[in-house]
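Colleague: Hi! Could you walk me through this model while I have it open?

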Amino acid sequence: MINPRSLIRALDKHWEVIERIVIQSRDQIAHERDGLLILLAKVYVNETTEQHIERLQQLVNAELLIELAHSNSLQLNENVRHFVAGLLHEHELGLSDILKVRIVDIKTGLEQLQQAMQNRDMAALQQGAVRIDSQLRQIMQQLDQDAHAIQDIAERAKGNDERMPLARRYREVLEAYDRYVLPMTELMDTGSGGNFYPLLEEAELVLEALIQQLAIQGGLYSHQLMLRQVGFHVRDLRQTGLIVLKQCTNTLMPLREEIRRHNQLSAAIGHLLGEVRKKGLRRTFPAQSLPVWRKERAFSVAIGPELLSLMEQVRHYQPKSVEFPELMTDETLLQLEQINEEAIRRHFYQSLPLADLMRWLTQHYGHYQDVTVLRLYHKLIRLPDITATPNQDETTLTLKAVSIRLHSHAIESL
């Protein structure tokens, strides 16, 4: 069994890589050791390969990562995943059926409160209040997690490749709307068709009646205070539920409508083109509804005088002889340099952040050829784990043989 204190210390020591693993675990069941070592090398740039292997073993020994049976893969500890995901708001979208189960339990808790009041059983009254309050807090937590999950789904859909078909690009949006928003809308209907808000109204009335009955019969103030606190949670939940549902709907509805409009337009265009292909343009469109660009009058094409004069010049054309330059000797060819790109890359990561990448290259590696410096510049700005932003001001730098003007990139690590 994992030790809570050891868990907290291990999370503090390895937080940078655990945060990355939790985000990756959203799309992966298990992680290969080689992939984790690559991730460790990106996060802890200054450490050696042996230190990365030792750190990975420390993650396993601290039970942050669990070895899977019959496999060399590692899986993130489920307790760690839930704990870190709660801190990072990396939640999966919940199910409306879970709220229905909690609603049934709240109804049972209200019946327990009424029965305990009739029997003058204060211990059962306290248990029922705690039971209802626990379910209310669980519902509040789930609604907050669902709001963050919906926002993440929308951001992922917008960030996908624009060249993908909309139905594939927004597939997760459609599933979230059909699986969550529509059932939640029916569940939280404030009218007679809903189950959630009528229950909260009933709970509020029952709690008020019990508080008055306790005050009249002389119950303990602590019991009255407990029921009042549960009533406050009921009121907060009534307001929070509507706000969260409105936020989720406003987030997903524009994307869903975009897909519907695109599908309707595509279907109409496809149907019309099919009719034109089968019947022809005249039989598909009435004569008065033909496109305005179609004209019935005949037209002719003539050759202008400019084209005639150009053709006359072409007929008397005589090719000109061109002398090609002589081949360059081997001594004049530009020799490629041997450089240690791995050492340069380590030096680059250690120097982050950089306000001007080209100036940094000329200061530290200006003794190389101009083509080598430019090649290093273009390689470094394309590294996947950095952010390269062009500067607004133009910079002029003089290399060995050429002078360049550019908007040099500012570099920051992800």
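Colleague: Let's start with D133: does D133 count as buried or exposed?

Modeller: D133 counts as buried, because its relative accessibility is 14%. Buried means under 20% relative accessible area, exposed over 50%, and partly exposed in between (1.4 Å probe, protein chains only). Before we go on, this is a predicted model: local features need pLDDT of at least 70, side-chain atom pairs count only at pLDDT 80 or more, and totals for chains, interfaces and linings use all residues. Residues are numbered from 1 along each chain as its sequence is written, and side-chain values use heavy atoms, with hydrogens and water left out.

Colleague: Thanks! Which side chain does D133 meet in a salt bridge?

Modeller: That of R137, at 2.9 Å from N to O. A salt bridge here is a side-chain nitrogen of Lys or Arg within 4 Å of a carboxyl oxygen of Asp or Glu.

Colleague: And where do D133 and R137 lie?

Modeller: Both are in helix α7 (residues 122–159), four residues apart, which is about one turn of the helix. Helices (H or I, at least four residues) and strands (E, at least two) are DSSP runs, numbered from the N terminus. R137 is partly exposed, at 46% relative accessible area.

Colleague: How many salt bridges does the count come to?

Modeller: Ten, by this rule. One of them pairs D356 with R359, whose closest N and O atoms are 3.6 Å apart. D356 counts as buried at 14% relative accessibility, while R359 counts as partly exposed at 35%.

Colleague: What about E394, which residue does E394 form a salt bridge with?

Modeller: R405, with 3.7 Å between the closest N and O atoms. E394 lies in the loop between β3 (386–390) and β4 (395–398) and R405 in strand β5 (residues 403–406), so the pair ties together parts eleven residues apart in sequence. E394 counts as partly exposed at 47% relative accessibility, and R405 as exposed at 63%. There is also a network: salt bridges that share partners join E204, E208 and R235.

Colleague: Changing topic, which residues make the nonpolar surface patch?

Modeller: I303, L307, L308, L310, M311 and V314 make a patch of about 550 Å². Nonpolar patches join side chains (Val, Leu, Ile, Met, Phe, Trp, Tyr) within 5 Å, using residues with over 30% relative accessible area and no salt bridge. Accessible areas come from the Shrake-Rupley method with a 1.4 Å probe, and for residues only the protein chains shown count as cover.

Colleague: Where is L308 found?

Modeller: In helix α13 (residues 305–315). L308 is partly exposed, at 42% relative accessible area.

Definitions and conventions
Patch = residues over 30% accessible without salt bridge, like charges linked within 9 Å, V, L, I, M, F, W, Y side chains within 5 Å.
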